[in-house]
Amino acid sequence: MTTPVLPSDSEILTLFEELALDAGRAVMAVYATDFDTATKADASPVTEADQSAEAIILTGLRARLPGVVCVAEEEVAEGLVPAALGSAFILVDPLDGTKEFVGRKGDFTVNIALVRDGLPAIGVVHAPARNTLYAGRPGTATIADVSPQGEIVGRRPMAARPAASPPRIVASRSHRTPETDAFIDRHPGAETVAVGSSLKFCLLANGEADLYPRFGRTMEWDTAAGDAVLRAAGGSTTLVNGGAFVYGKRRQANDVDFANPWFIARGA
Ligand SMILES: Nc1ncnc2c1ncn2[C@@H]1O[C@H](COP(=O)(O)O)[C@@H](OP(=O)(O)O)[C@H]1O
Ligand SMILES: [Mg+2]
């Protein structure tokens with residue numbers, strides 16, 4: 001398959017930010033209501049917010065970046081899986097941390113990422129209930145303040161920090177595993193912070209934490225945008241054995257398309 005000519009990285013990032021802010025407004029409109037929750041085939045929750053945010057993002061991406069393949073969580077759940085990806089494609093998780101959304105915990109995010117040559121190159125993570133948007137492209141990572149109306153009102157550069165000793169470890173709020181607990185136990189004195197969604201990558205990117213061990217289930221759309229932000233801020237994500245953590249993985253063994261292996265994300 002031929003890969004279309006893409007706009008510049010900064011133009012792509014600006015588009016991702018606009019669409020994430022639009023989607024965030026839709027998510028917050030649902031958050032303010034007494035919304036219903038349905039259960040998907042993988043037993044995870046889904047709401048009207050996931051669906052309307054994904055529709056906003058995909059409509060915008062397909063109009064403005066025609067020919068670039070988009071892989072999106074709710075479309076994949078409905079069986080819409082692109083056959084070929086090309087050397088650059090987009091991953092969308094319109095509402096990561098749906099459990100936190102349903103539980104009204106605030107730790108939920110809108111995620112859009114461009115994967116280039118298997119690596120997360122450009123990403124936006126918008127946390128509308130925290131009024132914060134994180135963005136990264138090669139060489140630049142920023143944290144922005146977002147108004148309650150969903151407009152960016154301030155922005156500053158951010159960078160991952162060299163690891164503190166003992167480290168500050170971020171871990172899933174809703175999906176902790178015994179292997180994660182064993183990893184934490186190997187870091188005596190470490191402070192552990194439970195955070196939902198892709199915000200864990202963003203806390204590393206902003207120098208607020210040092211390690212994010214994920215010894216449990218994630219899909220590529222859960223991680224790509226946060227991972228892009230983290231890498232842009234000087235951090236890294238690897239397999240548990242230190243090997244390269246790549247994207248665009250198709251069905252392996254008995255697993256589904258776009259399933260991630262376990263990983264460890266780190267600050268600088
Ligand atoms: N048992 C499981 N089955 C499917 N997805 C799971 C899962 N456990 C965790 N996840 C993934 O973990 C994400 C939440 O991450 P965290 O635990 O760090 O908050 C979910 O994203 P969604 O909320 O977008 O479905 C979901 O994709
Ligand atoms: Mg998710």
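This is a guided tour of one predicted model, stop by stop.

Some ground rules come first. Residues are numbered from 1 along each chain as its sequence is written, while chains are lettered from A and ligands numbered from 1 in the order in which they are written. Because the model is predicted, local features need pLDDT of at least 70 and side-chain atom pairs count only at pLDDT 80 or more, while totals for chains, interfaces and linings use all residues.

**Stop 1: the whole chain**

Switch to a cartoon view. Seven helices and 14 strands make up the secondary structure. Helices (H or I, at least four residues) and strands (E, at least two) are DSSP runs, numbered from the N terminus.

Of the 268 residues, 45% count as buried. Buried means that 20 or more other C-beta atoms lie within 10 Å of the residue's own; exposed means 12 or fewer, and partly exposed is in between, with C-beta atoms placed from the backbone. Among contacts with a separation of 6 or more, 65% come from residues 24 or more positions apart. A contact is a pair of residues whose C-beta atoms, placed from the backbone, lie within 7 Å.

**Stop 2: two domains**

Colour 9-157 as domain 1 and 168-266 as domain 2. These bounds come from an automatic or database domain assignment. The domain centres, taken over C-alpha atoms, are 18 Å apart. The contact takes 38 residues from domain 1 and 27 residues from domain 2.

Now select the side of domain 1 that touches domain 2. Elements giving two or more residues to this side include β3 (70-72), α4 (98-102) and β8 (140-146). Which strand gives the most? β6 does, with eight residues. This side divides into 23 nonpolar, seven polar and eight charged residues. Here Ala, Val, Leu, Ile, Met, Phe, Trp, Tyr, Cys and Pro count as nonpolar, Asp, Glu, Lys and Arg as charged, and the others, Gly among them, as polar.

**Stop 3: strand β5**

Select 109-116, which is β5. Is this strand enclosed or open? Eight of its eight residues are buried, so β5 is largely enclosed by the rest of the structure. Thr109, Asn111, Ala113 and Val115 point one way, and Val110, Ile112, Leu114 and Arg116 point the other way.

β4 and β5 run antiparallel, joined by seven bridges. Two strands pair if DSSP finds at least two bridges between them. Find Ala88 opposite Arg116. β5 and β6 also run antiparallel, with seven bridges. There, Ala113 stands opposite Gly123.

**Stop 4: two positive phi values**

Most residues other than glycine have a negative phi, and most peptide bonds are trans. Go to Asp117, in the loop between β5 and β6. The hairpin of these strands has two residues between them. Phi of Asp117 is near 50 degrees, a positive value. Asp117 is exposed, with 10 other C-beta atoms within 10 Å.

Move on to Asn131, in the loop between β6 and β7. Its phi is near 55 degrees, again positive. Asn131 is partly exposed, with 15 other C-beta atoms within 10 Å.

**Stop 5**

Zoom in on Ser165 and Pro166. A cis peptide bond joins them, with omega about -5 degrees. Pro166 lies in the loop between β9 (152-157) and β10.

Select β10 itself, residues 168-172. Four of its five residues are buried. β10 runs parallel to β11 (residues 191-195), and five bridges join the two. Ser172 stands opposite Val195.

**Stop 6: ligand 1**

Keep Ser172 in view and show ligand 1. Of the 17 residues around ligand 1, the nearest are Thr98, Ser172, His175, Gly196 and Arg217. A residue is near a molecule or strand if its C-beta atom, placed from the backbone, lies within 6 Å of it. Which kinds of residue form the shell? One is nonpolar, nine are polar and seven are charged. Both domain 1 and domain 2 give at least three residues to the shell.

Methods. Contact = placed C-beta atoms within 7 Å.
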